[in-house]
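Here is a brief report on the packing inside one protein model. Keep the sequence and the structure in view while reading.

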Amino acid sequence: MSILGGISVEFTSLEQAISATFGENLHITGRQAVSGGDINRAYRLALSDGTAVFMKCNTVANRDFFRAEVDGLNALRAAHTIGVPEPLATGTDRQQGVSFLLMEYLAPSPQRKDYWETFGHELALLHRVSTAGLVSEDRSLSFGFRSDNYIGASRQINLPKAGWVDFFRDCRLYPQLRMAGQTLDYGARKRCENLLQRLDALLVEPEFPSLLHGDLWSGNAAGGPDGRAWIFDPAAYVGHFEAELAMTELFGGFPATFYKAYHEVNPIDPGYTERRDLYNLYHLLNHLNLFGGSYLGAVRGILNRYA
């Protein structure tokens with residue numbers, strides 16, 4: 001699916017996508033593997049005119065990964081607040097047995113001196129943009145997204161809801177807890193039930209809905225050619241910005257200057273720290289379901305604390 005002039009096209013070969021996007025006379029002259037996530041393979045493609053292109057690929061059966069990613073990237077790019085790479089084309093190449101996504105290549109460069117402050121300001125601005133049209137034509141449904149997508153390899157349910165707490169219960173915690181049912185012992189499952197029942201007493205409704213990257217940790221942000229932070233590999237949806245901040249703190253966190261700068265643009269409620277681990281239960285459950293028992297202790301610890 002290439003978003004060109006408002007027209008969506010899913011290409012049937014990589015060569016077709018290159019020709020349609022960059023010109024009929026261009027072709028791939030080199031392919032270099034790039035380190036990345038656990039779900040897709042990634043490459044830097046060199047074209048015959050010297051252009052560099054970033055390519056992700058997976059099996060043909062998993063081509064919906066890239067449809068969802070394009071939708072999330074375009075939503076984030078439309079906010080015009082923070083660097084997001086442009087999706088260029090997607091499709092399948094059955095001769096090579098792959099689905100693929102071609103994207104703008106971000107040449108790495110040294111971070112600006114104010115990298116973290118600028119990152120904090122820009123993410124806060126993203127969280128304050130209008131979310132009209134991103135969830136549903138029904139304006140009473142403020143949380144979710146216009147389609148389901150993926151958090152890692154797990155399907156992420158984005159069914160529109162009127163309230164944030166209902167959305168987080170029904171579309172975030174419940175699906176993951178159900179998948180983890182065979183992994184959790186009886187006591188943990190009972191605590192899960194108690195947690196879902198009392199979620200209204202633990203979480204708060206936001207003053208406004210926010211467009212979220214959805215999977216924002218240090219591995220999904222990097223300095224781009226301008227030295228500013230660019231974000232990629234989204235699992236985008238509309239939710240409470242606290243859930244995004246919580247994710248940034250889950251795997252090591254960002255420096256204090258980032259959160260101070262964020263707070264200058266979009267104030268963080270002092271009660272956020274009491275809710276942070278509960279938001280991250282979603283991601284820890286997802287890691288438990290995807291990668292196994294090494295995350296079980298962290299999941300149990302959060303269930304013990306809140307339930």
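## The model

This is a predicted model; local features need pLDDT of at least 70, side-chain atom pairs count only at pLDDT 80 or more, and totals for chains, interfaces and linings use all residues. Residues are numbered from 1 along each chain as its sequence is written, and side-chain values use heavy atoms, without hydrogens and water.

Helices are DSSP runs of H or I, at least four residues, and strands are runs of E, at least two, numbered from the N terminus.

## Tyr43

Tyr43 sits in strand E4 (residues 41–47). Tyr43 is buried, at 16% relative accessible area. Beyond four places in sequence, its contacts (heavy atoms within 4.5 Å) include Arg31, Val34, Val53 and Cys57. Tyr43 and Val53 are 10 residues apart in sequence and 8.3 Å apart in space, C-alpha to C-alpha.

## Helices H7 and H8

H7 (residues 241–250) and H8 (residues 256–265) pack at about 170 degrees, axes 12 Å apart. Axes are lines fitted to C-alpha atoms over the stretch in contact, and angles run from 0 to 180 degrees between N-to-C directions. H7 is therefore roughly antiparallel (over 145 degrees) to H8. H7 contributes Phe241, Leu245, Thr248 and Glu249; H8 contributes Phe258, Tyr259 and Tyr262.

Key. Angles under 35 degrees count as roughly parallel, over 145 as roughly antiparallel, 65 to 115 as roughly perpendicular and the rest as oblique. Buried means under 20% relative accessible area, exposed over 50%, partly exposed in between (1.4 Å probe, protein chains only).
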